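Here are my notes for anyone opening this one for the first time. Have the sequence and the model side by side as you read.

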Amino acid sequence: MCNIVPFIEAEWRWLSTTQAVGVELGRRLRASRIAYPLTQAQLAERAGVSQRTVANLEKGADVTVASLVSVLRALGLLSRMDLLVPTPETRPSDLLHERA
């Protein structure tokens, strides 16, 4: 898992602003929704959010973390969160602190 993190960082590095990252994330979510295939309204119903929230996500606009997680879950993408934020590995110094 650790070997993929530098690849992911390099892939997203060209997105220099928070807005650019949001737009790219929205583009990918839209592509996933269309591939499913679902309309925005259908995805919104599955995710328990409004159609406007789905549209805002796809445009890269600000939404709550809860809404993003709900949409990711509805698209079956939540299991990929480890790619975004990997589980930290245990460091030897952590084990020393546990023994103290």
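**Notes on the fold, a pocket and a few residues**

1. Let's start with a pocket. The lining of the second largest pocket divides into seven nonpolar, six polar and one charged residue (Ala, Val, Leu, Ile, Met, Phe, Trp, Tyr, Cys and Pro count as nonpolar, Asp, Glu, Lys and Arg as charged, and the others, Gly among them, as polar). That lining has 14 residues, with Gly 22, Leu 25, Gly 60, Ala 61 and Asp 62 nearest the centre of the pocket. H2 gives the most, six residues, and the elements that give two or more are H2 and H5. The pocket holds about 260 Å³ of space. A pocket here is an open set of points on a 1 Å grid over the protein atoms alone, where a 1.4 Å probe fits, with protein on both sides within 12 Å along at least five of seven lines; lining residues have an atom within 4 Å of a point. Points are joined across faces, edges and corners, and the volume is the space filled by probe spheres set on them.

2. Some ground rules. This is a predicted model, in which local features need pLDDT of at least 70 and side-chain atom pairs count only at pLDDT 80 or more, while totals for chains, interfaces and linings use all residues. Residues are numbered from 1 along each chain as its sequence is written, and side-chain values use heavy atoms, with hydrogens and water left out.

3. Now the whole chain. It has seven helices and zero strands (helices are DSSP runs of H or I, at least four residues, strands are runs of E, at least two, and both are numbered from the N terminus). Of its 100 residues, 25% are buried (under 20% relative accessible area, with exposed over 50% and partly exposed in between, using a 1.4 Å probe and protein chains only). Among contacts between residues at least 6 apart in sequence, 46% join residues at least 24 apart; contact means heavy atoms within 4.5 Å.

4. How does H3 sit against H5? The axes of H3 (residues 40-47) and H5 (residues 65-74) come within 8 Å and cross at roughly 105°. That makes H3 roughly perpendicular to H5 (65 to 115 degrees; under 35 is roughly parallel, over 145 roughly antiparallel, and the rest oblique). Axes are lines fitted to C-alpha atoms, for helices over the stretch in contact, and angles run from 0 to 180 degrees between N-to-C directions. Leu 43, Arg 46 and Ala 47 of H3 meet Ser 70, Val 71 and Ala 74 of H5. By type, the residues of this contact are four nonpolar, one polar and one charged.

5. H4 (residues 51-59) also packs on H5, at about 90° and with the axes 11 Å apart, so H4 is roughly perpendicular to H5. Here Thr 53, Val 54 and Leu 57 of H4 meet Ser 67, Leu 68 and Val 71 of H5. That contact has four nonpolar, two polar and no charged residues.

6. Which residues of H4 are buried? They are Thr 53, Val 54, Ala 55, Asn 56, Leu 57 and Glu 58. Their cover includes H2 (18-35), H3 and H5.

7. Look just past the end of H4, where Gly 60 takes a positive phi of about 85°. Ala 20, in H2, is 40 residues from Gly 60 in sequence, yet their C-alpha atoms are 7.9 Å apart. Ala 20 counts as partly exposed because its relative accessibility is 25%.

8. Is Leu 77 buried or exposed? At 16% relative accessibility, Leu 77 counts as buried, and its place is the loop between H5 and H6 (81-84). Leaving out residues up to four places away in sequence, Leu 77 touches Leu 29, Ser 32 and Leu 72.

9. One last thing to check by eye: Tyr 36 and Pro 37 are joined by a cis peptide bond, with omega about -15°. Pro 37 lies in the loop between H2 and H3.
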